[in-house]
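The following note comments on the structure shown below. Its points proceed from the chain as a whole to a single residue.

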Amino acid sequence: MLVDDILQSKGTVVHTIPAYARLSEAVDILNANNIGAVVVTDRSRAVIGILSERDIVRQLGVHGADALDLEIGDSMSSAVITCTRSTSVAMLAERMTEYRIRHIPVIENGDLLGIVSIGDVVKRKIEETEQEADAMREYIASV
């Protein structure tokens with residue numbers, strides 16, 4: 001199973017925000033779209049970071065409510081782990097575990113094609129396990 005299978009199922013909408021925007025704007029986007037991270041892009045729409053709920057909470061812990069006035073560029077994770085459509089879901093799960101992240105942008109040839117969350121990976125793994133169990137039941141019933 002590949003990342004492309006997930007994108008075909010969930011779609012390719014990715015919410016982005018510029019690095020000069022304020023954390024309060026990111027909070028609005030996260031809440032309005034019921035998502036856990038937003039991709040940070042530069043003026044040419046190239047990916048330069050990712051801002052997660054975890055990043056925002058860390059800033060709130062340090063700065064209190066004043067954190068909402070900080071620029072995203074000062075709060076985002078700039079070492080973005082990415083994948084391509086041809087990355088296996090197993091490899092994606094390994095990267096998420098290794099780097100302790102929950103969102104990975106899908107990028108090919110510099111273009112942002114989508115984003116995959118840990119929830120997407122878990123959903124796919126459950127579906128795959130259910131399909132294997134159904135196939136095993138059918139096989140056993142036919143013997």
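This is a predicted model: local features need pLDDT of at least 70, side-chain atom pairs count only at pLDDT 80 or more; totals for chains, interfaces and linings use all residues.

1. Five helices and five strands are assigned in the protein chain. Read from the N terminus, the order of these elements is α-β-α-β-β-α-α-β-β-α. Along the principal axes, the C-alpha atoms fill a box of roughly 65 × 35 × 30 Å.

2. Of the 143 residues in the protein chain, 31% are buried. Among contacts with a sequence separation of 6 or more, 54% are accounted for by residues 24 or more positions apart.

3. As to charge, the protein chain carries 14 positive and 22 negative side chains. The centres of these two sets lie 1 Å apart.

4. I72 is located in the loop between α3 (53-63) and α4 (89-99).

5. The surroundings of I72 can be listed by contact. With neighbours within four places in sequence left aside, I72 is in contact with I17, P18, A19, A21, R22, L23, A26, V40 and L51. For I72 and D111, the separation is 39 residues in sequence, and the C-alpha to C-alpha distance is 21 Å.

Terms used. Residues are numbered from 1 along each chain as its sequence is written. Side-chain values use heavy atoms; hydrogens and water are left out. Helices (H or I, at least four residues) and strands (E, at least two) are DSSP runs, numbered from the N terminus. Contact means heavy atoms within 4.5 Å. Buried means under 20% relative accessible area, exposed over 50%, partly exposed in between (1.4 Å probe, protein chains only). Lys and Arg count as positive and Asp and Glu as negative; His and the chain ends are not counted. The place of a charge is taken as NZ of Lys, CZ of Arg, CG of Asp or CD of Glu.
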